[in-house]
Amino acid sequence: LVGAVSSATYTCQIRVHHDRVQVAHSQVQATQAHPVLHTPDATFNAYWRIARHNMQQLIADYPDIRPYFLAGIPEYPQLFGCDTTYSIPGLMGAGFHVMSRSALLALAEYAQRACGRVPHEITTNGRVFHPGNAQETPQFAVACGEYLAWSGDIDTIRQLYPICVEGMAHVEGVLAGQHWPYGDGMVERHGMGPFKLDSVAYLYHALQSMMMMADALGDTTAQAHWSEAATHLATRFEQEWWMESESLYADSLHRDGTPQLDGHWTAIVPGHTGLAMPERRERVYARIRRDFVNQWGLVHTREREELVWTLPTGLLALEAFAQSDVETGLQLLRNIGVTSEHGSLGLLKELIPQGICFVQLWSTGLFVQGVTQGLFGISPDAPTRHLAIDPQLPADWPEMSLRDVACGDARFAIHVTSTHVTVEYMAGTKPWLVTVNFDDVMLQQTVVPGTSCVVTR
C-alpha cells in the first residue's frame, strides 16, 4: 500500500502548460508544512499519507485561472465551489495554506463578477459552467473563516470579506425573516419543497464565519449585525423545521410551510454546522446512527439509495467525534481510507468502497479534517495566536502524535497518551496561547518557540 502511494504521486501530472504546473508544485513544496501522523495503526497512518499525496496530485495551474485544486479525476477536473470549500479545513490542516489561498481567490474572482454569487463549476479554460447552488455562496464564507482561523492572513481576508458581504446581500429577505433560502442545494429529488435543509444550515454557519472575519477586521458594528442575524435564524429554524415524531429536521419546506422528509444524508448538516440545538443534535445523531448507516457509512438516501459517498460519511465522522463517539468516528475515517485499497491503489475514491472518481478532493479533505479536528481536537485561532486542543484517544491506542502542524507562521507537535498531552512549539516567531482540554483537565499556557506544555490527567 505504501509503495502504491509513492508510485502514484504524480500519475496525474497536468500535460497542458507543464512548466507552469511544475512552478506551482515547487512553490507549494517550498512553503507548505508536512504534518506527520503517527498512531499504532500502520494502515491508518498510510491513509494519512495517501490523503496528503492525493491533495498534491490534484494541484492544477491553467493559464486562465489561478492555481487551484481539481475536484476529482477523471470526472471533475475543474474548479468547483462546494468541493473546494468543503475541503479547505482539511487542506489547511494538511499544510496546503498557499494553495488554499489561491483556490479561494480564484473562486472570489468569479464571485466578484457575479455580485457575490459563488459558482458551482468553472471549466479549465475559465468559463463558468454552472453559476452556483443555493448553499455554495454561504459555504464560501465558511471556507474563508476556516482559512483565517488556520492562517491568520488578515490581508487576504480584507480581499475576501467584501465579496462575502455582497454574497450575503442575496439572502437579505431570509435574514429579515421573510422566507428561507430557495433554489437547488446539495441534494435534489422530484417533489421536494423549494427551501432546502442544507442551504439553511450553511447560511447559519456562514453567519458565524462573518462574525469572526468582522471581528478580525475590527468591524464591531458588522460583527453585531451578523450575530443578531444568526440568533434570529436559529430561533426560526427550530420552530419551523423540527419534526418531533421523527427526531429529525425536515429535508425541505414547501412554500406554505409544510415540512417534507425524504431521508437524505443532509440530515447530518444542522449538527455539523452548529445550527441544531444541543438536545436535538444528540437525537438527530442517534437517529442517523440507527437508521441511516450501513457497513460503509452514511447512505445517500435512506431506503432509496444505499450508495455511500465519502463526503456524507466524513461529515458523520466529524459529528461522531463531536458527540464523543470516538470509535464510530474512527471507523468512518477508516472506511474513507479503505477506498485506496480498491480499484486504483493509493487513491481516495468518491464512493465507498469504490466508484465514480478514482481520486476525489473532498475525500482527502474530510479524512484529514477528521484527524485534525476530530481525533486531535485542533481548533486554531491564528489571528489571536490561540491554539485550542481537545483530543480524543481511541480506547485501544496507547498514544498518537501529529507533528509539523502549521497555524499561522507557527509549527506545533501534539503527542497524546492515555495519561498526558504534550504540545511542543516547534518553530515560529511569537508567543502563542495554548489551551488543552484533556478528559476535563484544563490547562492554558503561553508558549514560545522551542518550549512545550504538558497536561497530565
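Where is Pro-353 found? In this predicted model, Pro-353 lies in the loop between α14 (326–337) and β15 (359–360), and the bond that joins Ile-352 to Pro-353 is a cis peptide bond with an omega of about 5°. A cis peptide bond also joins Ile-73 and Pro-74, where omega is about 10°, and the place of Pro-74 is in the loop between β4 (72–73) and β5 (79–80).

With a relative accessible area of 55%, Ser-324 is exposed, because the cut-off for an exposed residue is over 50%. Asp-440, which is likewise a residue other than glycine, has a positive phi near 70°; Asp-440 is found in the loop between β21 (432–438) and β22 (441–447), and its relative accessibility of 72% makes it count as exposed.

When residues up to four places away in sequence are not counted, Leu-375 touches several residues, among them Phe-44, Phe-321, Val-326, Leu-330, Pro-391, Trp-397 and Met-400.

Two helix pairs may be described in turn. Two packed helices are described by the angle between their axes and the distance between the axes. Helix α4 (residues 81–93) packs on helix α6 (residues 136–151) at an angle of about 15°, and their axes are 9 Å apart. That angle makes α4 roughly parallel to α6, since angles under 35 degrees count as roughly parallel, and the crossing of the two, α4 and α6, is left-handed. On the α4 side the contact includes Tyr-86, Ile-88, Pro-89 and Met-92, while the residues of α6 that take part include Phe-140, Ala-143, Tyr-147 and Trp-150. In the second pair, the axes of helix α5 (residues 97–113) and helix α7 (residues 154–168) come within 10 Å and cross at roughly 35°, and α5 passes α7 in a left-handed crossing. Here Arg-101, Leu-104, Leu-105, Ala-108, Ala-111 and Gln-112 of α5 meet Thr-156, Gln-159, Leu-160 and Ile-163 of α7.

Charged side chains form 17 salt bridges in the model. One of these salt bridges pairs Lys-196 with Glu-188, whose closest N and O atoms are 3.5 Å apart; Lys-196 counts as buried at 4% relative accessibility, whereas Glu-188, at 38%, counts as partly exposed. The side chains of Glu-246 and Arg-287 also meet in a salt bridge, with 3.1 Å from N to O. This pair links distant parts of the chain, 41 residues apart, as Glu-246 is in the loop between β9 (242–243) and β10 (248–249) and Arg-287 is in helix α12 (residues 278–291). Glu-246 counts as partly exposed at 26% relative accessibility, but Arg-287 is buried, with a relative accessible area of 8%. Both residues belong to a network of salt bridges that also links Arg-290 and Asp-291. A further salt bridge joins the side chains of Asp-404 and Arg-411 at 2.9 Å from N to O; in this pair Asp-404 is buried, with a relative accessible area of 15%, and Arg-411 is partly exposed, with a relative accessible area of 24%.

Terms used. Residues are numbered from 1 along each chain as its sequence is written. This is a predicted model: local features need pLDDT of at least 70, side-chain atom pairs count only at pLDDT 80 or more; totals for chains, interfaces and linings use all residues. Side-chain values use heavy atoms; hydrogens and water are left out. A salt bridge is a side-chain nitrogen of Lys or Arg within 4 Å of a carboxyl oxygen of Asp or Glu. Buried means under 20% relative accessible area, exposed over 50%, partly exposed in between (1.4 Å probe, protein chains only). Helices (H or I, at least four residues) and strands (E, at least two) are DSSP runs, numbered from the N terminus. Contact means heavy atoms within 4.5 Å. Axes are lines fitted to C-alpha atoms, for helices over the stretch in contact, and angles run from 0 to 180 degrees between N-to-C directions. Angles under 35 degrees count as roughly parallel, over 145 as roughly antiparallel, 65 to 115 as roughly perpendicular and the rest as oblique. A crossing is left-handed if the near helix is turned anticlockwise from the far one by less than a right angle, and right-handed if clockwise.
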